[in-house]
Amino acid sequence: MIPLLGTFLCWGSLYVVSKLALETIPPVTVLALRYLVAIPALFLLLKVRGALRPVRREHAGTLLAIGMLGYFLSFCLQMLGINRLTGSVSSLLGAMNPIFIPILAAVFLGERLTKEKIGCVMISMVGVVLIVGVNGTVDVMGAALMLLSVFLWSSTSIIIRRLAGAYDPMQIAMMAMLVALPFTGAWAAVELRSSACTLSLSAVLAVLYMGLVGTAAAHSLWNYSLSKMDASFCSMFYPLQPLVASILGVLILHEEITSNFLIGGAVICCGIVAAVRSGRKDA
């Protein structure tokens, strides 16, 4: 439970911090810089803990799929989508993993898709809609990029389950980033030819936060959670993302707290409590 909550506290904060970095740095370049910060941090943590293991040859294909689908394609598309959308729309679309993960888990992992799980997802998503809403015209391309990113990350979350117990969750995250980094770096190099990039103090601090907290810590916690609990159960906590993003938007960006925010937050909490009870029944 605690690793799951920590995961979404970290990821929820990224919607605010990403906007700060994107003010002066192109989107894919931001992702490449995140990985350059996160990879050494994960390596040092693994060495200190003595948890670094040699990679088995039979796992090479799985790690390649995780790196390419999740840490390269999914997160490049996510950054491009966030760059085109408002924070509220981005957080809403980013919280749609619960729609994909239980279905994919049922198809590929044989996990039960119970009525309780479906009901919890629906309750939580109602809360998400109440909080962020969708007002005005939404950039169609940005929305499409975010939805494709969500689907690819949901697929990646299912693939990660195949390595449960084989490696430390931090090592899985680090190896996947190592796979993704050359491709992300090449895309960033092309991007910088036509886009201006200024490393302001706020942008540098934002990238450091995204690399250490939003990437290294969050993805390690997420992979650990997937190794211990059903992917469909883990996915039910995704609505926490827009809740955290909304709170930080108020504190950092001075956004107004609305009645929809309060009602939506209460609905999300109800969905999470129901999800916990459902998970205990399955266990």
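In this predicted model, a residue counts as buried when its relative accessible area is under 20%, as exposed when it is over 50%, and as partly exposed in between.

Q: Why is Cys76 counted as buried?
A: The relative accessibility of Cys76 is 0%, and because the limit for a buried residue is under 20%, Cys76 counts as buried.

Q: How many disulfides are counted?
A: A disulfide requires a pair of cysteine sulfur atoms within 2.5 Å, and by this rule the count is zero.

Q: How do you know whether Thr184 is buried or exposed, and which residues does Thr184 touch?
A: Thr184, which lies in helix α8, has a relative accessible area of 0%, and because buried means under 20%, Thr184 is buried. Leaving aside residues up to four places away in sequence, Thr184 touches Val28, Leu31, Ala32, Tyr35, Tyr71, Phe72 and Cys76.

Q: Why is α8 called oblique to α9?
A: Helix α8 (residues 169–194) packs against helix α9 (residues 201–228) at an angle of about 120°, with the axes 8 Å apart. Roughly perpendicular covers 65 to 115 degrees and roughly antiparallel begins over 145, so α8 is oblique to α9. The contact is made by Pro169, Met170, Ile172, Ala173 and Met177 of α8, together with Thr215, His219, Ser220, Asn223 and Tyr224 of α9. By class, this contact of α8 with α9 has six nonpolar, four polar and no charged residues.

Terms used:
Residues are numbered from 1 along each chain as its sequence is written. This is a predicted model: local features need pLDDT of at least 70, side-chain atom pairs count only at pLDDT 80 or more; totals for chains, interfaces and linings use all residues. Side-chain values use heavy atoms; hydrogens and water are left out. Axes are lines fitted to C-alpha atoms, for helices over the stretch in contact, and angles run from 0 to 180 degrees between N-to-C directions. Helices (H or I, at least four residues) and strands (E, at least two) are DSSP runs, numbered from the N terminus. Angles under 35 degrees count as roughly parallel, over 145 as roughly antiparallel, 65 to 115 as roughly perpendicular and the rest as oblique. Contact means heavy atoms within 4.5 Å. Ala, Val, Leu, Ile, Met, Phe, Trp, Tyr, Cys and Pro count as nonpolar, Asp, Glu, Lys and Arg as charged, and the others, Gly among them, as polar. Buried means under 20% relative accessible area, exposed over 50%, partly exposed in between (1.4 Å probe, protein chains only).
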